[in-house]
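Reader: I have a model open and want to learn to read it. Where do I begin?

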Amino acid sequence: MITDFKQRYEHAVADPDLRPRLLAFQRSWRESRDAQVSRLEQRTERSFDELRRDFASVKDATLERIDDYIAEFRANAEATGAVVIELSTAEDAVEYIAGVCKARGIDLVVKSKSMVSEEIELNDELAERGITAIETDLGEWLLQLAEQRPSHLVMPAIHQKRQYVAEILGEELGREFDPDDIPAMVASARQGLRRHYLAAGAGLTGANALVAETGSIMVVTNEGNMRLATSLPDVHFVTAGIEKLIPTWSDAERQLQLLPRSATAQTLSTYTTCITGAQPGKEMHIILLDNGRREMREDSAIGAALRCIRCGACANVCPPYQIVGGHTFGHIYTGAIGLVNTSFHHDIEDAAGPQGLCVSCGACETVCPVAIPLPRQILSIRRKATESGHAPRWERWLLRAWSMPQVFRAVMKLGSVASSVARALGLVRRDHIRLPLPRRLSWRSIPAIPAQTGSRLIAKRTPQPTLAPSPAAGSTVDLFAQCLADRLMPVTVDASALLIEAGGASVNVPSDQQCCGLPAFDAGDWETARRMARATIAVLSRTDHQIVTPATSCVISMRDHWPQLFRDEPETLARADAIADRVHDLAAWLDGPGRLPDGCLEREGASSWTAHRFCQSSNRGEPGARIALLVERLTGETAAPLEEPEVCCGFGGLTSIAAPEVGEGILDRKLDCVAASGCETLLTNNPGCALHLRAGAVARGAAHDTLHYADYLAARLPDDS
Amino acid sequence: MITASDRGTQFAEALHAAQGEIAWFDSWDELWDFADSLSDDVPVVSPAAHQFLQRGDLPDAIEPLRSIADRAVGITVATLGVAETGSLLLVERAPIDRAVSLLTRHLIVAVGEDDLVDELTDGFRWLAEQPRAAAYATFVTGPSRTADIERSLTIGVQGPSRLTAAVLT
Ligand code: SF4
């Protein structure tokens, strides 16, 4: 039984052990996986990206002609005595397996790990029909004894503590276990499970691949249980999704280059077993399950998800997964892929809950060994969930309000008045309002809203004299201030203008700027996003100037989200594209058209600093993300090394409001790394992240300052103006 | 050009990385002496290996599992060894062969030095050309293992806890 999402979430965030355990896991996995991947790249003299794209195209081509490959597989498997049966739903699969068992008088089935059997909730269904299924993979067995389900695709019991394991094993086997003696607990599986293999009438396994050219299955395991489950009983069931088909053994080998390295960071798992056909005197039933897979294939945004080889890597780099674990971040399938495929294999309700946990950082796509565009797919599912009424009501209202300029401005104005009052009352420290907040919210201080907007600051001062003429010298540049930065970080907006002016260009701040639509797009509310984007397009279409913004996220929104939003509106799309072509992230501008010379901002008395790059753009390899290099180049200073520089800071747009514990947990991870760097100043490039990181640092009383890099650079301009 | 001895070294390194062991023998006799010295209990020998060794305990025909399970030493043969990964390809159509390679504690797998290939690709190519062998074939890479309890790597779960590749020169 899977409890409802809210309960699962609360249970997860209340568990004090889960976060540190998953953090240690993610870090050690990352290190070993990266080492494995770089060895593979050396061996093959090809990049990970080339290798994964190659195999992805094999999967795509196979899926394209899936029925032909199923026919080939069937013919070859049946020629060697196997029964191949294609079934469309979970119920069909359960009925089929139960039917064969009933006909043979089988009441005990031993199982090796199979995610499809989890997907169809086979154990419970068989139990209702009087058939017992015993899991024989150690992790799965421990879960079964505890009446739990896997929280990870590859490490199913990663959430269990050894003390807990000792308890459940003790109960099952009737003797005491020392929680610190893990080998003894592992050894107990050998004895505890042996009798089941001998008594079982059938063994059930999954398949990592179905090889069409010979009708074989390939299964990758480490413990040896799968070989027992397929050798001792008389009947062998295989449950596999149709997407597991591959044409040839050489494709199987390509899959093996990627799978164990991405899954357990092994070169190869202990056992790679190939079985072709029924063994003499025995039966083999291969169940090819659809259960929503053809529907996925028909959905152009989602089809690529069928390439998935269930390695679990997308969970291993996922910051929110580290905070809440797989029981919450997913349904039966966990991690990023679970956020995508759940709505096809199960219901949209099952898929909706965890959607709000994803911070859209894009880490999953960077490690996925079959290059699935997971972040984009998650947004597409989120949209489906939102449009079918599964988004929280507060979120809809918040976005509506945000999309109305009058309301947005009025709220901000009110905020700035309240902030002045707070300041007068002595409640403001380090630019944040100190209020007695409940624990759930106190991890992030509230920024005081300054009285003046960034646009006002620019209008009120004289232009910065040219420091060194850049290629753009003499031109006029439109500054897109960004809604949050303009109100909450006016000095940063002004600093951006100063840096553009230092390159000899003049700055125009188009009036009536608004939000680009990103928060609504991220929340799956495309209607609101379109409304916001249209208004911004109108404002930015008034001139044909180059456009510069200190907000890295808005550049992604214009370049990547707008074409999706206006796919079906050619006219708007053309205007949107024209803007996307003119827009520059400030950092990319200062290295490109608005390039300032090396060392031009060199000053005495440098402080020590490090840089956190906006995760979305750095995970996409955008040049503007290399802010540390820019600051080093202009100032001649050197960044202090920062661990995990590409891991999200936890802002994640609405996530930090919807799931504050997730925002807090990820922020903690980041701030610990910042503290370990020993820097005095943390530089970052996206206003949302800067606000989040600063508010968190103030709340925990951290020693460092948090600045947008534009502030840091502009402070180094000569002050002769 | 990779020479046979390079291949052996590579194979040994990869196998060590997978927590496996390696030993070199000139003859089946030497291999037997090694295996027999490991324990007071007589090694149990898979039918596939017995053809060559002609000694040791064959699994009992009537109660095969009881005669194999948890015995100290088992001996079987591999068709190929893969230098790249340290894997041994076991072709085991008969369940009894599998029982020896799975249920004994210390598994010794004999492989001819001439049967070492460079890469996994070679192993798969061989498999694709031998449909009968593919009926039940396993690339075994080191002893069985798990990290299912708190990610702590434990060697020896439901399969052997020690694995020695016995390379016959
Ligand atoms: S989506 Fe990619 S990373 Fe995630 S489990 Fe599937 S193959 Fe692995």
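Author: Begin with one residue and its element. Helices (H or I, at least four residues) and strands (E, at least two) are DSSP runs, numbered from the N terminus. A:Ser553 lies in helix H27 of chain A, residues 552–565. The model is predicted: local features need pLDDT of at least 70, side-chain atom pairs count only at pLDDT 80 or more, and totals for chains, interfaces and linings use all residues. Residues are numbered from 1 along each chain as its sequence is written, chains are lettered from A and ligands numbered from 1 in the order in which they are written, and side-chain values use heavy atoms, with hydrogens and water left out.

Reader: Is A:Ser553 buried or exposed?

Author: Buried means under 20% relative accessible area, exposed over 50%, partly exposed in between (1.4 Å probe, protein chains only). A:Ser553 has a relative accessible area of 6%, so it is buried.

Reader: Which residues is A:Ser553 in contact with, leaving aside neighbours within four places in sequence?

Author: Contact means heavy atoms within 4.5 Å. For A:Ser553 the partners are A:Gln482, A:Leu518, A:Phe614 and A:Asn686, with those neighbours set aside.

Reader: Where is A:Ser360?

Author: A:Ser360 is in the loop between helix H17 (348–355) and helix H18 (363–367) of chain A. At a relative accessible area of 8%, A:Ser360 counts as buried. Not counting residues up to four places away in sequence, A:Ser360 touches A:Leu379, A:Arg382, A:Asp522 and A:Gln616.

Reader: What does A:Gln616 touch, not counting residues up to four places away in sequence?

Author: A:Ser360, A:Cys361, A:Asp522 and A:Ile556. A:Gln616 belongs to helix H30, residues 615–619 of chain A. Its relative accessible area is 11%, so A:Gln616 is buried.

Reader: Now the ligand. Which residues come nearest?

Author: A residue is near a molecule if one of its heavy atoms lies within 4 Å of it. Of the 14 residues around the ligand, A:Cys308, A:Cys311, A:Gly312, A:Cys314 and A:Cys368 come nearest.

Reader: And the whole chain: how many helices and strands are there in chain A?

Author: Chain A has 35 helices and 20 strands. For overall size, take the radius of gyration over C-alpha atoms; the globule rule is 2.2 Å times the number of residues to the power 0.38. Chain A has a radius of gyration of 28 Å, close to the 27 Å that the rule gives for 721 residues, so it is as compact as a globular protein of that length. Of those 721 residues, 61% count as buried.
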